Amino acid sequence: MTDGITGLERLSLNTKTTSTWTLAEAVDGAARAGIPALGLWRDRVHEAGLEKAAKLVRDAGLRVSSLCRGGFLTASDEAGIAGALEDNKRAIDEAATLGTDALVMVVGGLPEGDVDLAGARERVAERLAELAPYAGDHGVKLVLEALHPMYVADRAVISTLGQALDIAAPHPVDAVAVVVDTFHVFWDPDLAAQIERAGTEGRVAAYQVCDFNLPIPADALLARGMMGDGVIDFASITRMVAETGYAGDVEVEIFNEAVWAADPDEVLATMSQRYRDLVLPHL
């Protein structure tokens, strides 16, 4: 177990968890709560301005665990392909400026009218081949995120950690890696083997935690919950990740209307305690 004075030395607040806060408010809130890292979404970075965002985090003595998101690489038309490549190169530049080596990639779903999943995955692989050298040159990893299968049509044609690793395989580990997100992968019967594989290949670049709540709301994006409120076994998954040798931040990313409506300082207090109780003992 990695435990220090507070036990929060590896905890990171993803800005989506406190979605009502500006970046400045999230930086201040994390600092007050003793949380040393932030996972930044690009919307908050753009609102603040890139250079100001980097300075806000740096001046508070915090670090950036990841930047989200790049990706959406499945377009089949020339304009869509060109736009995706341009936006992802811009995201790589932003990650480098913010001081994180992890750009989380939500790879994209099926274009309208398209039902060819295999073809969409091939396009993801093709776009990664174009982006990986640029990312590597900038000291940034394209961190592929497997999303729960219910998002396969609209958000991510990569549904399992194994698929993510297969697509990452042709590239250097310092350019393309994977994130283990408990919400998205807890259901996978092959999860233990694939996390072990990711560790053997040196591709675990991030660990994100939140729970899977029932009932699933009308907007399935909002099914993510506070650790301990749903059905995920954090002890088992955290031990799997720890056994790979991963020693980076543990980022809490929650999309949930009740969490967003709560006092953000109380959310951070609950998040910190649940992390201490459910995750930290198994790192």
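Let me begin with helix H6, where Leu161, Gly162, Ala164, Leu165, Ile167 and Ala168 are buried, buried meaning under 20% relative accessible area with a 1.4 Å probe and protein chains only, as against exposed at over 50% and partly exposed in between. What we are looking at is a predicted model, in which local features need pLDDT of at least 70 and side-chain atom pairs count only at pLDDT 80 or more, while totals for chains, interfaces and linings use all residues. Residues are numbered from 1 along each chain as its sequence is written, and side-chain values use heavy atoms, with hydrogens and water left out.

Helices (H or I, at least four residues) and strands (E, at least two) are DSSP runs numbered from the N terminus. Because six of the eight residues of H6, which spans 161-168, are buried, this helix is largely enclosed by the rest of the structure. Its buried residues pack against helix H5 (117-137), strands S5 (141-145) and S6 (176-181), and helix H8 (191-201), with contact taken as heavy atoms within 4.5 Å.

Turning to the rings, there are five aromatic pairs, where rings of Phe, Tyr and Trp (its six-membered ring) pair if their centres lie within 6.5 Å, and planes under 30 degrees apart count as stacked, over 60 as edge-to-face and the rest as tilted. Trp41 and Phe255 have ring centres 5.8 Å apart and planes at 75 degrees, so they form an edge-to-face pair. Both residues, Trp41 and Phe255, are buried. Ring pairs also join Tyr151, Phe183, Phe186 and Phe212 into a cluster.
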